[in-house]
Amino acid sequence: MLRNREALISQLKNDMLLWQGVKPRDSQEERLGLGPIEEAFPNGIFPKGSIHEFISRGREEGASSCGFMSVLLGKLMKSKGVCLWISSFKSLFPISIKSFGVEPERVVFICMQREKDVLWAMEEALKCPGIAGVIAEVHQLDYTQTRRLQLAAEKTQGVGFILRHNPRSLAATACTARWQIKPLASYAEEGLPGIGFPRWDVELLKVRNGNPGRWEMEFSNLGLRPIFQKSNTSVLCSKTQQTG
């Protein structure tokens, strides 16, 4: 009897995820290759048709967020289309995103005069099915605005990233996920020139139907990998840090 009830509950959960547009576990083509981060999402699949909110508290976190978003964007753009990067201020050096797998010539950079125009442009862009992703940089955000953006993304199965610089408050939004990316010290291999590959403290603060978590990640020519530091050496491993 207990097994039957557990099986019924499991089936109901799967049905609810399908009704919400979440792909089944066996949809391997939908996986982006984010390592342990991807397991935090429903069925282990990065949610498309959704808005992802990134919290930045300072220039360092802003730069780290741009780098991490560029990694995601590069994976999304492998299959189709172009991307729009919308802001009311020019803070991004376009050539820098090439090191994260994004071709700058496939990104349309748009500078608006007012923040509300940034969100309007993002909503209109999300209504276009041929766009792989839309990034908007703002300071403030409210539930009504994110609800409109989420509905637009769900309709076309587009993906939107909102980078919030120094928000005054973190009220509830309709975004599918909320992230915070912090910089970590890079590690230079002994005997090799340079400062090492970029590293981030990636925290998934919330995710709809998923499991929030925290990971230390490194991006290199091998892709996005988890890191583990011990005795002043660094090796790649599959260890993750989960937080509630």
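The model is predicted, so local features need pLDDT of at least 70 and side-chain atom pairs count only at pLDDT 80 or more, while totals for chains, interfaces and linings use all residues. Residues are numbered from 1 along each chain as its sequence is written, and side-chain values use heavy atoms, with hydrogens and water left out.

**Overall fold**

- The protein has four helices and ten strands; here helices (H or I, at least four residues) and strands (E, at least two) are DSSP runs, numbered from the N terminus.
- Going along the sequence, you can follow these elements in the order α-β-α-β-β-α-β-α-β-β-β-β-β-β.
- Of the 244 residues, 45% are buried, where buried means under 20% relative accessible area, exposed means over 50%, and partly exposed lies in between (1.4 Å probe, protein chains only).
- Among contacts (heavy atoms within 4.5 Å) with a separation of 6 or more, 66% are between residues 24 or more positions apart.
- The accessible surface is about 13,200 Å², and carbon and sulfur atoms hold 54% of that surface; such areas come from the Shrake-Rupley method with a 1.4 Å probe, and for residues only the protein chains shown count as cover.

**Salt bridges**

- How many salt bridges does the protein have? The count is nine, with a salt bridge defined as a side-chain nitrogen of Lys or Arg within 4 Å of a carboxyl oxygen of Asp or Glu.
- D201 and R214 form one of them, with their closest N and O atoms 2.5 Å apart. This pair links distant parts of the chain, since D201 sits in strand β7 and R214 in strand β8, 13 residues apart.
- Is D201 buried or exposed? D201 counts as buried, at 8% relative accessibility, whereas R214 is partly exposed, with a relative accessible area of 27%.
- R208 and E154 also meet through their side chains, at 3.9 Å from N to O.
- K127 and E124 make another salt bridge, at 3.3 Å from N to O. K127 is partly exposed at 44%, and E124 is partly exposed at 33%.

**Helix α3**

- Helix α3 covers residues 115-126, which is twelve residues, and spans 17 Å from its first C-alpha to its last, close to the expected 16 Å. The expected span is 1.5 Å times one less than the number of residues.
- Which residues of α3 are buried? They are D117, V118, L119, A121, M122, E123, A125 and L126.
- These buried residues pack against β1 (50-56), β2 (82-87), β4 (131-138), α4 and β5 (159-165).

**The cavity**

- There is one cavity of 30 Å³ or more. On a 1 Å grid over the protein atoms alone, a cavity is a set of points where a 1.4 Å probe fits but cannot get out, and lining residues have an atom within 4 Å of a point.
- The largest cavity has a volume of about 30 Å³, where a volume is the space filled by probe spheres set on the points, and grid points are joined across faces, edges and corners.
- Its lining includes A125, L126, C128, I131 and V159.
- Which element supplies the largest share of this lining? Strand β4 does, with four residues, and α3 and β4 each supply at least two.

Key:
On a 1 Å grid over the protein atoms alone, a cavity is a set of points where a 1.4 Å probe fits but cannot get out, and a pocket is an open set with protein on both sides within 12 Å along at least five of seven lines; lining residues have an atom within 4 Å of a point.
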